[in-house]
Amino acid sequence: MSNIKSILVTGSNGQLGQSLKSIAAEYPEYQFHFVTRDELDLGDIENISTYFQKNRFDLIINCAAYTAVDKAEQETQLADAINHLAVKKIAEIAKEYDTVLIHFSTDYVFDGTSHKPYVETDPISPQSSYGASKLKGEQALQGVMPRGCIIRTSWVYSEFGSNFVKTMLKLGQERTALAVIFDQIGSPTYAKDLAQAIMQIVANNRMQNQAEFPIYHYSNEGVCSWYDFAKAIFEINHINCVVSPIETKDYPTPAKRPHYSLLNKAKIKHDYDLSIPYWKDSLKRCLKKL
Ligand SMILES: NC(=O)c1ccc[n+]([C@@H]2O[C@H](COP(=O)([O-])OP(=O)(O)OC[C@H]3O[C@@H](n4cnc5c(N)ncnc54)[C@H](OP(=O)(O)O)[C@@H]3O)[C@@H](O)[C@H]2O)c1
């Protein structure tokens, strides 16, 4: 049995935050506190300290992040403030108050030149400001070393917020044809599956007792390109929109994205006895909610 009782979820208006909220009732043994940016703004370090002087928890699940990948190329300082400096502060607070901390990072810490799924110890080399800010957050956490873990995930979607699935559904209604990138390969992550995995991790005593701050990889099982992902969305929802494959070079974006960002999930599956759903099965479950 876990000795965690009270759980703070930051960034509770985000995809992962809302997914955790949507399953919280299944875990009545925990007291959840969901906070939005209005209640806990991570852009202000002083504000973070003040908040935790007044509020204590057994576990912090830090779902808040600066996630505007392209905008981050311009807003470098803001991305760094949320994804690095605030994370360092939260880590220091977690260490001081002996609070467990679960934090999230991204496949974008890798350069995408691999041809086999990335393991946690593979060399990192972010290609974008967003990826660099998330990496600095990881490194700050590992420097401070509270109890807990970092979960790197990829291509997150859900029925909440904005994401690729919702964008495709909208475009699929508006257009008869669409060109989607086929030379970026990865694995989608249904935020609800990740939320459920997090709760399985929380229920396990491992985090409370370990002497390291490990990194884990989590996404759904299987592989696809954005093109395959779009095709699957339209097929499942019977949307009559023709999808054609294009190369990344024909769809320039401010931020460079890895061509290959598959995450090897063997470690998290082994340590927490997780069974991870296949991406298309999860996609079907999500689409039913949209
Ligand atoms: N989305 C992906 O494809 C993806 C891929 C790999 C890794 N990840 C990582 O997974 C985690 C969860 O991502 P997600 O998809 O749930 O992100 P999301 O939907 O963009 O949610 C992020 C949340 O952080 C909040 N936030 C932003 N700035 C803040 C601030 N200054 N103070 C407090 N809260 C702030 C946002 O608040 P508002 O609602 O007010 O804007 C939002 O609710 C993040 O660590 C992200 O880096 C995501």
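Student: How do the residues of the shell around the ligand divide into nonpolar, polar and charged?
Tutor: In this predicted model, the shell around the ligand holds 11 nonpolar, 11 polar and 3 charged residues.

Student: How many residues surround the ligand, and which are the closest?
Tutor: The ligand is surrounded by 25 residues, and the closest are Gly-11, Gly-14, Ala-65, Phe-104 and Val-156. Helix 1 provides the largest share, 3 residues.

Student: Staying with helix 1, what about Ile-23: where is its place, and what is it in contact with?
Tutor: Ile-23 has its place in helix 1. Leaving aside neighbours within four places in sequence, Ile-23 is in contact with Lys-192, Ala-195, Gln-196 and Met-199. Ile-23 is partly exposed, because 14 other C-beta atoms lie within 10 Å. Ile-23 and Leu-262 are 239 residues apart in sequence, and their C-alpha atoms are 27 Å apart in space.

Student: Changing topic to helix 4. What should its 16 residues span, and how far apart are its end C-alpha atoms?
Tutor: Helix 4 covers residues 129-144, and at 1.5 Å a residue it should span 22 Å. The end C-alpha atoms of helix 4 are 23 Å apart, which agrees.

Student: Which residues of helix 4 are buried, and what do they pack against?
Tutor: The buried residues of helix 4 are Ser-129, Tyr-130, Gly-131, Ala-132, Ser-133, Lys-134, Leu-135, Gly-137, Glu-138, Ala-140 and Leu-141. These buried residues pack against helix 3 (76-96), strand 4 (100-106), strand 5 (148-153) and strand 10 (215-218).

Student: Could we take Leu-135 as an example: why is it buried, and what does it touch?
Tutor: Leu-135 counts as buried because 20 other C-beta atoms lie within 10 Å, and the cut-off for a buried residue is 20 or more. Not counting residues up to four places away in sequence, Leu-135 touches Val-109, Ile-124 and Pro-126. The C-alpha atoms of Leu-135 and Ser-6 are separated by 28 Å, and these two residues are 129 residues apart along the chain.

Student: In what sense do strand 5 and strand 10 pair, and over how many bridges?
Tutor: Strand 5 and strand 10 pair in the parallel sense, over 4 bridges. Tyr-216 in strand 10 is the bridge partner of Ile-151.

Student: Now helix 10. Which of its residues are buried?
Tutor: The buried residues in helix 10 (residues 279-288) are Trp-279, Ser-282, Leu-283 and Cys-286. Seen down the axis of helix 10, these buried residues fall within an arc of 105°, so they line one face of the helix.

Student: Why would residues three or four places apart point the same way in an α-helix?
Tutor: An α-helix has 3.6 residues a turn, so residues three or four places apart point the same way.

Student: What covers the buried residues of helix 10?
Tutor: The cover includes strand 6 (156-157), helix 5 (164-174), strand 9 (189-190), helix 6 (191-202), strand 11 (224-225) and helix 8 (226-236).

Student: Which residues are buried in helix 8, and what covers them?
Tutor: Trp-226, Tyr-227, Phe-229, Ala-230, Lys-231, Ala-232 and Ile-233 are buried in helix 8. What covers them includes helix 5, strand 7 (177-181), strand 11, strand 12 (242-246) and helix 10. Just after helix 8, His-238 takes a positive phi of about 50°.

Technical notes
Residues are numbered from 1 along each chain as its sequence is written. This is a predicted model: local features need pLDDT of at least 70, side-chain atom pairs count only at pLDDT 80 or more; totals for chains, interfaces and linings use all residues. Helices (H or I, at least four residues) and strands (E, at least two) are DSSP runs, numbered from the N terminus. The expected span of a helix is 1.5 Å times one less than its number of residues. A residue is buried if 20 or more other C-beta atoms lie within 10 Å of its own, exposed if 12 or fewer, and partly exposed in between; C-beta atoms are placed from the backbone. Two residues are in contact if their C-beta atoms, placed from the backbone, lie within 7 Å. A residue is near a molecule or strand if its C-beta atom, placed from the backbone, lies within 6 Å of it. Ala, Val, Leu, Ile, Met, Phe, Trp, Tyr, Cys and Pro count as nonpolar, Asp, Glu, Lys and Arg as charged, and the others, Gly among them, as polar. The arc is that of the directions from the helix axis to the C-beta atoms. Two strands pair if DSSP finds at least two bridges between them.
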